[in-house]
Amino acid sequence: MDVVSILGFILLGIAVATLGTIIGAGGGIIFVPVFLYFFPEWTPAMVVGTSLFTVTCNAISGTIAYVKQKKILYSAAILFSIATFPGSIVGAYVAEYFDGNGFRFWFGSFLLIMSGFIGYKNMRKGERKEESLQLEELTYNKVVGVLVSVVVGFLSSLFGIGGGLIHVPALIYMMGFPTHMATATSHFILATSTSVGTLTHFLSGHIHFEVAIPCGIGALLGGQLGAYIAKRLRAKTILIGLSIGVGILALRLIYTSHVLF
C-alpha cells in the first residue's frame, strides 16, 4: 500500500476505536463492514481475522485507560474472560465455513436484534437506578455471566466483533451493572478474549497485516481517546448511540447480502 492508504487506515483505526471504546463494543461492528466493502476478494475468515486483530489493539488500549479510571470490576472481568476462551477458539475455525453473502446476512441479522433490544430498553424515561452503584456495592449472578461469556467468545471470534455487543447489554440488563462500569469491564474481557481469537486466526493464516497493523496503530490511539470521552457522557447517551449505530450497520449488511432482495 502507498503512504496515503496507510494514513487512511490509521485514521480509520482512530475513529472506529474511539467509538468502540465509548460503547464498549471494541470497534468490530465497523471494521468488519468496511473490510467487506474495500476487500471483496477476501474470504469471510480473513475479514474476521484482520478485524479481530484491530479490535484486540483497541481493547488493550481502552482497558489501560479504564484501569486508570478505576471503573473495572476485576472479579467479574477475570472470571468472564476465562469463560470466553473455548468459544473464541471454536469460533475462529467455524468462520472458515461461511460464504460471503451468508456471512453478511447472519452478521447483519445478529446486529439488528441487538440494536432493537438496546433501543427498547432505553425508551424508558430517566436513568436506571443501578447507575449510582459503586464497585464495592455491586452484586451479580456469576453463573449467568459465565454462560453468556461462553457464547460471547464464540460469536466474537466468528464475526470479528470482539463480543462487546453482547457483553455490554448482558452486564447492564441481566446483571445490573452501571453503564460506565459495564463498558469498562467489557473492555477488559475483550482484551483477553480477542487475544485468544486473534492468535487462532493468526495460526490459520487469516490476518492481512498490511491492513491490520495501520488500523491497529490507530486503534491504540483511539482506545485512549474513547475512554476519555466516555467518562464525560451520560449513560443513556452512550446506549442510544450504540443502538442507532448498530441498527444502521445491520440494515446495510442485510441489504448487501442479497439474501432477501
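1. Basis of the model. The model is predicted, so that local features need pLDDT of at least 70 and side-chain atom pairs count only at pLDDT 80 or more, while totals for chains, interfaces and linings use all residues. Residues are numbered from 1 along each chain as its sequence is written, and side-chain values use heavy atoms, with hydrogens and water left out.

2. Helices α3 and α9. Helices here are DSSP runs (H or I, at least four residues), numbered from the N terminus. The axes of α3 (residues 44–69) and α9 (residues 209–230) come within 7 Å and cross at roughly 25°; axes are lines fitted to C-alpha atoms over the stretch in contact, and angles run from 0 to 180 degrees between N-to-C directions. That makes α3 roughly parallel to α9, given that angles under 35 degrees count as roughly parallel, over 145 as roughly antiparallel, 65 to 115 as roughly perpendicular and the rest as oblique. The crossing of α3 and α9 is right-handed, meaning that the near helix is turned clockwise from the far one by less than a right angle. The residues of this contact comprise 15 nonpolar, nine polar and no charged. In this division Ala, Val, Leu, Ile, Met, Phe, Trp, Tyr, Cys and Pro count as nonpolar, Asp, Glu, Lys and Arg as charged, and the others, Gly among them, as polar.

3. Helices α1 and α3. Helix α1 (residues 3–23) packs against α3 at an angle of about 55°, with the axes 10 Å apart; the two are therefore oblique to each other. Their crossing is right-handed. Ala17, Gly20, Thr21 and Ile22 of α1 meet Asn58, Gly62 and Tyr66 of α3, where contact means heavy atoms within 4.5 Å. This set divides into three nonpolar, four polar and no charged residues.

4. Helices α7 and α8. For α7 (residues 164–174) and α8, the angle is about 140° and the axes are 9 Å apart, which makes α7 oblique to α8. Here too α7 passes α8 in a right-handed crossing. Among the residues that meet are His167 and Leu171 in α7, and Thr183 and Ile189 in α8. The contact holds six nonpolar, six polar and no charged residues.

5. Helix α2. Eight of the eleven residues of α2 (residues 28–38) are buried, so this helix is largely enclosed by the rest of the structure. Buried means under 20% relative accessible area, exposed over 50%, and partly exposed in between (1.4 Å probe, protein chains only). The buried residues of α2 include Phe31, Pro33 and Phe35.

6. His206. This residue is placed in the loop between α8 (179–203) and α9, and is buried, with a relative accessible area of 7%. Its side chain makes a polar contact with that of His201 (2.8 Å); such a contact is a pair of N or O atoms within 3.5 Å, one able to donate a hydrogen and the other to accept it, and residues adjacent in sequence count only if both atoms are side-chain atoms. Leaving aside neighbours within four places in sequence, His206 is in contact with residues including Ala45, Met46, Ala92 and Glu96.

7. Ala76. Located in helix α4 (residues 74–94), Ala76 is buried at 0% relative accessibility. The C-alpha atoms of Ala76 and Thr139, 63 residues apart along the chain, are separated by 9.9 Å. Beyond neighbours within four places in sequence, Ala76 is in contact with Tyr140, Phe177 and Thr185.
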